[in-house]
Amino acid sequence: MTMSAGWYLRRLSRMGPREVGGRVGDAVRRRRWRSAPPPDCPRVNGARFTAVLPAGTIATIPPDAAKRLVAEADRLMSGHAEFFGVDRDDMADPDWWYDPKTGRRAPGGYAFDVPYRDEDAAGDVKQIWEPSRHQYLTLLAAAYAVTGDERYAERVDAHLRSWWAANPPLRGVHWTSGIELGIRLLSWVWTRRLLDGWPGAAALFEENPRALHQIWHHQRWLAAFPSRGSSANNHAVAEAAGQLAASCAFGWFPSSARRRAEALRSLERHLRGNTFGSGLNRELATEYHGLVLELGLAALAEADAAEVPVPSSVRLVLLRMTDALAAVVDDRLRPPRQGDADDGHGLVVDGAGTDRWGSLLATGDAVFGSLAWWPEVTGTDVRTPLLAALIRPARPSARRPASRPAHFADAGLTVLRGPGGIWCRCDGGPHGFLSIAAHAHADALSLEVRHDGVDVLADPGTYCYHGQPEWRRYFRSTLGHNTLELDGTDQSVSGGPFLWTRHARSRVLVADASGEGVSHWCAEHDGYGPSVHRRRVELTSATQQLRVTDEVRGGPRRAVRLAFHLGPAVTADLAGNRAVLTWSRDGEERSAVLDLPGQLNWRAHRGETDPPLGWYSAGFGRKEPSTTLIGTGFTDGGRELTTVLGFHG
């Protein structure tokens, strides 16, 4: 109870008066709603689904993308698929339910009426929420659209009916978070669209009183309890996108026109609020950039399909986000691994092996047109032709970058590039978005270095959100990133797993990333006041050498730990303050030498658990041992610590 009270006080301290008032009103409404039976949805007569794909759209799907889709659908049908990081024991059973803590199946559909904060009982709630976004159903429905095989449609029918019966409005874990409701509505719209032509589609949706009841209550809930204030991040975009999609495609209710107008205004406001002018997402968490972009494109598709006028600012934000993504990816189309990442998607219709980022760039090309400096996208996907068939062709008149941007001043992100696919991301930006910076990590001045797409100096990732506080602390700690820690503390102060009560402030002093000869970057942050950590990075193309200089200015003598996290493919042979790094790429052996500051004592750590150290998370819920080099010592004002990473030609 003491911990809970403390968390609420810390959370309250990050809210303004208007947000506090809004949340109090929400709490009163929630209690009133849950104490009374939910009302029936308005009577719907003669509803028809008209938001179908244009004729011939399915035929434009590339054959290899369709093949991957069907293979993934068959794995889901057979019960041998891993979906969103959870190995399902038997997804062939419409009444399956999986307890991620015990690893056991249990009967009863998806009902799990345990408070979502009770992680001791529920495990990581995301492993329960994610399947109920119903994005595996959009995949099965897409397989039906491609093949005409009714087995896929019948499986969707069974699962949806089971879920609707087991999760009545306002009851259970699936009625606690708006982002889940918003994405679920988007999934239902696409499921209905992709099942069009199946004889049972109308009976499952518009002729089904339970389906209508669920759709109406999802929209009612989202209208009543929007994410607000310090929590109006990607959740708010998902809520608006789902509400807009449902009110356009399922516009059968008296409230549909009003909901549609409100959702469009909310989407426009939150897309702008969540995005820097440069096009990067303000959460400074790259996977959320991808999620928001996917949600925005899907919402735009619904509005255009319903011939609802969309503010030009919506297309402009999505255009800038797409150009920004094209600018920051490496030679293998991998974006930075910055901030939180939970593998969240806006619309899933593709099979395993489809490159998410290449797919987004392909969609951007189809919708906005690519620029000469964009990287080449060679892969194919299902989602691009589906979205492109609905989105109205339009080329925004906004001025676009004539050459590939390397420095994003508002986001404090700089990418240095060198020969041989050398890619270095430097972080000198804000700590995070809004007062709580929910998805930020304590990673000011951190670096991320790749060679031909291979993580050499790696951002370790995220791994988990709920239920494992020690691992959550590690993966978002200062020590968990390629930067400098003082006195064993983080640069920013955490108040909980999605709350920071004090933010380190960074500023970029130099950003010359021209790539001609020598590129320079320099930034500093005040997270260790009265001391200031300043870092300089210099990339010399001729020698393929990266020089990193750290300096602590002002303040007393401080204990120092300097961390360099290697990617899981990299092996390190550490002798003194020199590490020889080796790895392979496409069957070819690669190597580099890392000369570390001699003033510090260096040790290699790998796969340690008490406390955690030496880990890499490739995706949510997954981790693997990797090598972390830690240098310990002391610093007093003005002494420089120089690290040199040299790649062999």
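This is a predicted model: local features need pLDDT of at least 70, side-chain atom pairs count only at pLDDT 80 or more; totals for chains, interfaces and linings use all residues.
**Helix pair**

Two packed helices are described by the angle between their axes and the distance between the axes. The axes of helix 3 and helix 7 come within 11 Å and cross at roughly 50°. Angles from 65 to 115 degrees count as roughly perpendicular and those under 35 degrees as roughly parallel, and the two helices are therefore oblique to each other. The crossing of helix 3 and helix 7 is left-handed. On the helix 3 side the contact is made by Val70, Ala73, Asp74 and Met77, which meet Arg151, Tyr152 and Arg155 of helix 7. Four residues of this contact are nonpolar and three are charged, with no polar ones.

**Phenylalanine 408**

Strand 5, residues 407-408, contains phenylalanine 408. This residue counts as buried because its relative accessibility is 4%, and buried means under 20%. Leaving aside residues up to four places away in sequence, phenylalanine 408 touches Ser278, Leu280, Ala324, Ala327, Val328 and Leu413. Its C-alpha atom is separated by 17 Å from that of histidine 525, which lies 117 residues away along the chain.

Eight strands form an open sheet in the order 13-14-15-16-27-20-19-18, with antiparallel pairing. Strand 13 and strand 18 stand at the edges with a single partner strand each, so one side of each has no neighbour in the sheet. From one strand to the next, the twist averages 15°. Strand 14 and strand 15 run antiparallel and are joined by nine bridges. Within this pair, valine 518 stands opposite threonine 540 of strand 15.

| Element | Residues |
|---|---|
| Helix 3 | residues 63-78 |
| Helix 7 | residues 150-166 |
| Strand 14 | residues 518-528 |
| Strand 15 | residues 531-540 |

Technical notes
Residues are numbered from 1 along each chain as its sequence is written. Side-chain values use heavy atoms; hydrogens and water are left out. Axes are lines fitted to C-alpha atoms, for helices over the stretch in contact, and angles run from 0 to 180 degrees between N-to-C directions. Helices (H or I, at least four residues) and strands (E, at least two) are DSSP runs, numbered from the N terminus. Angles under 35 degrees count as roughly parallel, over 145 as roughly antiparallel, 65 to 115 as roughly perpendicular and the rest as oblique. A crossing is left-handed if the near helix is turned anticlockwise from the far one by less than a right angle, and right-handed if clockwise. Contact means heavy atoms within 4.5 Å. Ala, Val, Leu, Ile, Met, Phe, Trp, Tyr, Cys and Pro count as nonpolar, Asp, Glu, Lys and Arg as charged, and the others, Gly among them, as polar. Buried means under 20% relative accessible area, exposed over 50%, partly exposed in between (1.4 Å probe, protein chains only). Two strands pair if DSSP finds at least two bridges between them.
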